[in-house]
Amino acid sequence: MSAPLLRADGLTVRCGGDVIVLNADFEIRPAEVLAITGPAGAGKSLLLRGAAGLMPRGYAADGEVARPGRLALVPQDADLTPHRTLAAQFAEVLGPDARPRAVTALERMEVSAAARRLDLYPHELPDGIRMRAVLALALATGPEVLLADAPGAGLDPTVRARLLGLLAAWAREAGAGLILAGRAADGVAGPADRVLRLDHGRLGPPAEAAEPPSPAARGEGGAPVLSVRDLHVAFPLGRTWRGGTRWLTVVEGVGFELPEGETVALLGETGSGKSMVARAILRLIPASSGRVAWHGRDLLTLDPPSLHHTRRDMQALFPDPRKALDPRISVGEQLAEAAGALIPEEDEATLRLRVADALARAGLPAATAEHYPAGLTPGEAARVGLARALVPHPRLLVCDEPTAMLDPADREALIEHLLHLQRQRGVSLVLATADAALAWRVGHRVLVLLAGQVVEEADAATLLADARHPYTRALIATGEGRMPDLRGDPPSALRLPSGCPLRLRCPRARDTCADVMPALETVRPGHRVACHYWDETTSNPDGS
Amino acid sequence: MQTHFDTATDSPWRIARRRFAAHRPATHGLALLMVVVVGDILAPQLEELFTDGPVTQALRAGHATLAFAAVAALAGALTGTLWGVLAAGLGRQVGRALARAAGWLAALPLALLPLVVAGLAGRAPLLFDMAVTASVVPGVAVAVHAIARDAARHEFQAAAEAAGLSRRAILWRHTVPGALGPLLAALWPALPRAMAVESMASLLGLGSSQTWGALIGTAGSGFTLLPAAVLLAATLAALHAVGAGLADAFAGDRP
């Protein structure tokens with residue numbers, strides 16, 4: 001076995017009298033990828049800085065660290081100097097003849113038109129390209145060890161997974177060591193050979209990995225309680241030169257049926273329209289056209305009193321649980337307010353009981369009612385949001401990325417709560433998520449959305465075994481920690497390409513794809529896909 | 001200074017109060033303001049004790065200065081608030097035009113407005129008062145527009161709507177109370193601004209002859225100038241310090 005490139009023995013990071021990381025031991029060998037995961041605030045960034053010997057002011061690192069001669073650290077949210085072109089910044093690091101090496105490094109990170117982009121300033125580059133350029137700058141120096149702190153953490157899952165895959169491929173090819181730090185949700189463990197977990201200041205092996213969750217069982221397929229048909233949502237953007245209104249269509253022709261006690265998962269990344277569908281169902285945003293029928297009554301045409309009455313049946317969970325709570329009102333008051341608004345006929349004592357019951361069912365102590373949202377952890381806030389939703393004993397929960405801000409433990413707890421509710425009370429769920437693994441696990445039926453349109457739909461097991469759309473296959477690969485086969489960044493919703501919105505990233509794209517958006521075609525009963533070349537793929541997707 | 005509060009159980013208003021109390025310049029500024037106001041109230045009694053001199057004149061002038069600044073700032077704040085709320089609440093084109101106009105005007109050196117008005121219309125007290133008031137309006141409108149626009153975008157409003165609250169209930173229970181703290185912090189600077197504009201104009205011989213600015217303008221020597229100048233500078237510094245304390249108290253997601 002080759003000697004380690006970097007070795008830390010008893011690395012301890014302190015801030016004044018506080019110990020942030022205690023006696024961390026780790027090493028990285030040539031062509032090895034190590035992931036260090038942990039919750040937010042665990043000290044991952046400081047651990048990397050300690051390993052690099054670049055402690056910020058006010059912090060100190062003890063212990064022994066054997067470093068290589070060439071080591072590069074890419075801090076979290078690293079950015080480029082705003083007033084200098086990319087070429088100037090590469091030249092600063094690599095010397096006057098940097099251009100060819102800069103182009104090679106940028107192309108390695110799949111930056112298209114790399115030579116041309118070198119003459120641009122950072123603000124002229126999209127976020128994804130800027131992140132790639134930062135990493136390329138680090139790669140171009142030829143480090144023996146690269147330490148990357150949450151690289152691409154703010155990017156879409158497929159873009160981030162590809163970026164991490166490219167970094168790992170570089171490390172293995174160049175014989176360099178690569179340490180990726182980040183939360184579990186940042187996907188750093190995906191391309192890693194080894195994973196360590198930092199929690200409460202101690203670095204150690206991660207908890208035993210649970211069995212990969214199996215896809216939700218095929219639904220019973222009873223009569224639908226919720227029926228969404230040809231839903232369109234559009235927002236006015238301004239005036240055309242002729243005086244008409246310009247519209248931004250964010251949801252186009254989405255439809256599904258949800259039987260009682262089952263789950264429909266709306267799976268897609270930023271700009272896919274999943275949240276808009278969820279909110280349009282609840283009439284939190286206006287739909288342009290279509291039909292959303294709850295037990296046969298069209299919610300989109302209900303008058304305000306009837307809609308108010310129907311809200312008892314349909315409740316919502318929001319992506320950022322703390323922001324979904326008014327910071328100025330205590331938890332108990334907010335739950336009581338919801339109870340009073342939804343069930344005005346009940347007296348105060350009954351409403352108080354209802355609130356206490358909802359808190360208990362969400363797994364929260366009664367004392368939480370006295371707390372203000374600022375004092376809640378994201379996990380507690382998510383449970384408070386769940387408790388508020390449970391106050392009127394709803395029959396439908398519309399969950400808009402309910403686990404997006406949660407750590408793995410809180411995420412697991414919330415999902416278990418939702419599944420328990422479904423089993424015990426037959427609650428139906430609409431789950432909008434960018435997390436493919438969650439969609440397979442919870443959704444009886446999964447709709448994959450891209451640029452506001454459904455590009456593939458089937459039951460979860462079918463999609464997992466036989467996804468036909470390249471976008472679905474990329475999402476599956478990302479969920480499983482593999483490198484997806486989609487290049488580049490998603491296009492802006494304001495400037496979608498003609499034809500298929502995926503064609504600029506798609507490995508299968510041909511001229512036809514630019515002409516017309518493919519319609520949904522039936523692969524088999526219950527499985528539809530919108531791709532001109534869906535029949536070219538085989539079963540058992542491998543992400544390539 | 002360490003601020004002691006419990007974010008879990010302390011009410012946001014209590015936290016804001018403690019944050020303000022922990023802002024040392026703000027508390028010192030508030031104490032100084034209280035001294036100035038008390039001095040202003042006691043000015044008649046002091047005149048009986050001391051001979052009429054620069055100090056008693058300055059204390060007497062404090063009454064007119066503070067009253068004028070308070071009235072001008074209040075009128076300016078109300079007008080600016082109305083402007084900002086309309087800019088945020090009216091339809092796309094009208095709202096945008098109002099917001100743009102406020103932005104343009106706020107970028108102008110409006111402290112010179114009373115001088116321009118006096119130059120054009122002569123010494124007309126009503127016009128002078130209106131010019132001082134108008135000098136604070138665009139700045140207030142810009143700040144209120146930003147607050148009003150943000151106040152309508154909180155996720156907890158969508159959550160409250162999903163939880164069955166009517167639009168009216170959301171407005172009065174969530175939106176308006178949430179905006180009060182930032183609004184107070186945004187409106188406060190209108191007070192020192194109105195005072196500074198009035199004092200500058202009065203120093204040049206415009207406006208009232210009974211304010212600190214006028215006393216400074218007509219003072220013959222350093223000694224006669226000093227009490228009014230010190231009081232004006234100290235009051236302006238105190239007002240700005242209190243404004244900084246309010247901004248600190250209401251900063252962040254919660255007041």
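Arg441(A) is buried, at a relative accessible area of 18% (buried means under 20% relative accessible area, exposed over 50%, partly exposed in between, with a 1.4 Å probe and protein chains only). The model is predicted: local features need pLDDT of at least 70, side-chain atom pairs count only at pLDDT 80 or more, and totals for chains, interfaces and linings use all residues. Residues are numbered from 1 along each chain as its sequence is written, chains are lettered from A and ligands numbered from 1 in the order in which they are written, and side-chain values use heavy atoms, with hydrogens and water left out.

Arg441(A) and Glu416(A) meet in a salt bridge through their side chains (3.0 Å, N to O). A salt bridge is a side-chain nitrogen of Lys or Arg within 4 Å of a carboxyl oxygen of Asp or Glu. Arg441(A) lies in helix H13 (residues 436-442) of chain A and Glu416(A) in helix H12 of chain A, so the pair ties together parts 25 residues apart in sequence. Helices (H or I, at least four residues) and strands (E, at least two) are DSSP runs, numbered from the N terminus. Glu416(A) is partly exposed, at 35%.

Over all chains, the count comes to 36 salt bridges. Among them, Glu457(A) pairs with Arg528(A), with the closest N and O atoms 2.8 Å apart. This pair links distant parts of the chain: Glu457(A) sits in strand E19 (residues 453-459) of chain A and Arg528(A) in strand E21 (residues 527-529) of chain A, 71 residues apart. Glu457(A) is buried at 6% relative accessibility. Arg528(A) is partly exposed at 33%.

Helix H12 (residues 408-425) of chain A also belongs to a right-handed β-α-β unit with E16(A) and E17(A). Right-handed means that, with the strands pointing away from the viewer, the path from the first strand over the helix to the second runs clockwise. Strand E17 (residues 428-433) of chain A has six of its six residues buried, so it is largely enclosed by the rest of the structure. Ser428(A), Val430(A) and Ala432(A) point one way from E17(A), whereas Leu429(A), Leu431(A) and Thr433(A) point the other way.

Two strands pair if DSSP finds at least two bridges between them. Strand E16 (residues 396-400) of chain A runs parallel to E17(A), joined by five bridges. Val398(A) stands opposite Val430(A). Strand E12 (residues 263-267) of chain A is also parallel to E17(A), again through five bridges. There, Thr263(A) has Leu429(A) as its bridge partner.
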